[in-house]
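Dear colleague,

Please find below the structure that I am handing over to you. My notes on it follow directly after.

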Amino acid sequence: MCRRLTKADMWKRKSKGRDSFLLTDAHDDFPSIESLQFDFETIRFATDNFKDTNKLGQGGFGSVYKGKLVEGKEIAVKRLAANSGQGDLEFKNEVGIVAKLQHRNLVRLLGFCLEGNERLLIYEFVPNSSLDHFLFDPLKRAFLDWETRYKIISGIARGLLYLHEDSRLRIIHRDLKAGNILLDEEMCPKIADFGLAKLFIPNQSQGDTSRIVGTYGYMAPEYAMHGKFSVKSDVYSFGILLLEIISGQKNSRFCIGDTPQELTSFTWESWKAGTVSNMFDPAMLNSPRNDILRIIHIGLLCVQDSVSARPIMASVINMLNSASLSLPLPLKPTYLATIECEIPITNGSSVNQISITDQLPR
């Protein structure tokens, strides 16, 4: 059986430093920590002892398995790696944050389990895997018609707006990418993986850290270079996602013919020259050109080097919903964060899989 935790165990603030995270809440209408606790044997049985055929994916912090509870409910179980130095931090962070979030465009946390070295997070099962499995697969990408891509874009935007402004907690995701967008049976997107998320106190607009974690291909320049993050850092990541959704290629591995390019710079030069259709995914060539151009325009606004030049998500939603709304002109993005390679980064007791780059900002 898992040890019964007290609220003091899980919800107290661990530190008052600038890198701390808040796990307290004054409201009583959220589920109690006890009600979210699962017995380890229940989850082991549900996943057939974490059988390889039930594995849905694997990341820097561990593996995700499909399971089915005795009552027939399908679940996804995130099993943190026993040797992950970040396990405790990310585990408590994810439980403390996601248990309080309720939005159709965010993955729903059903519970957790702690037993010995086992740390499990139990989520709703989302059947269509993650966006990257469709977007970056030459065959599966054909299933993403324009209407579906637009629905995914709009859903991600609404989920981010909820995190930044509409929930009772202001949350910066810090690792928004195609691999962390899950798709349900109707291809509705759900933002997932809050292990790196930061919770802001009321009236806080920016944070900073010496511990840079995430994926550099999606990182805003102020975060990658100086450790500063805000809602605008997520906006930058969202802009990269927009360009990837339109092109069907990774920002870090974008190619025209056999020539590797930098997606944001190529998009800017093509947009300026009036040849931006060169970066369209061929599967969308018969899609409404003006709608696609508007999404690209919004994407370029989101990836501006200057934090103040990027829109907030409320403005992005307005841009997406109103074709008659005039958009400001973007400036040329100069920050480069491409050419990924996966290596473990250590910092004190922390270990993470992080994408790094061998290019420097101009």
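Helices (H or I, at least four residues) and strands (E, at least two) are DSSP runs, numbered from the N terminus. This is a predicted model, in which local features need pLDDT of at least 70 and side-chain atom pairs count only at pLDDT 80 or more, while totals for chains, interfaces and linings use all residues. Residues are numbered from 1 along each chain as its sequence is written, and side-chain values use heavy atoms, with hydrogens and water left out.

I begin with lysine 78, which is found in strand β3 (residues 74–80). An unreviewed UniProt entry places the feature "binding site" at Lys78; UniProt positions are given in the numbering used here, feature names are shortened, and annotations may be inferred rather than shown by experiment. Lysine 78 has a relative accessibility of 11% and therefore counts as buried (under 20% relative accessible area; exposed is over 50%, partly exposed in between, with a 1.4 Å probe and protein chains only). Neighbours within four places in sequence aside, lysine 78 is in contact (heavy atoms within 4.5 Å) with Ser63, Val64, Glu94, Arg119, Leu120, Leu121, Tyr123 and Asp193.

One of these partners, serine 63, lies in strand β2 (residues 62–68). Serine 63 is buried as well, because its relative accessible area is 9%. Apart from neighbours within four places in sequence, serine 63 is in contact with Lys55, Gly57, Gln58, Val77, Lys78 and Arg79. The C-alpha atoms of serine 63 and phenylalanine 50 are separated by 9.5 Å, and the two residues are 13 residues apart along the chain.

I turn next to a pair of helices. Helix α5 (residues 146–166) packs against helix α9 (residues 289–302) at an angle of about 30°, their axes being 12 Å apart. Axes are lines fitted to C-alpha atoms, for helices over the stretch in contact, and angles run from 0 to 180 degrees between N-to-C directions. The helices α5 and α9 are therefore roughly parallel to each other (angles under 35 degrees; over 145 is roughly antiparallel, 65 to 115 roughly perpendicular and the rest oblique). Trp146, Tyr150 and Ile153 of α5 make the contact with Asp291, Ile292 and Ile295 of α9.

Finally, serine 167 lies in the loop between α5 and β6 (170–172). Serine 167 counts as buried because its relative accessibility is 12%. Not counting residues up to four places away in sequence, serine 167 touches Leu101 and Tyr162.

Yours sincerely
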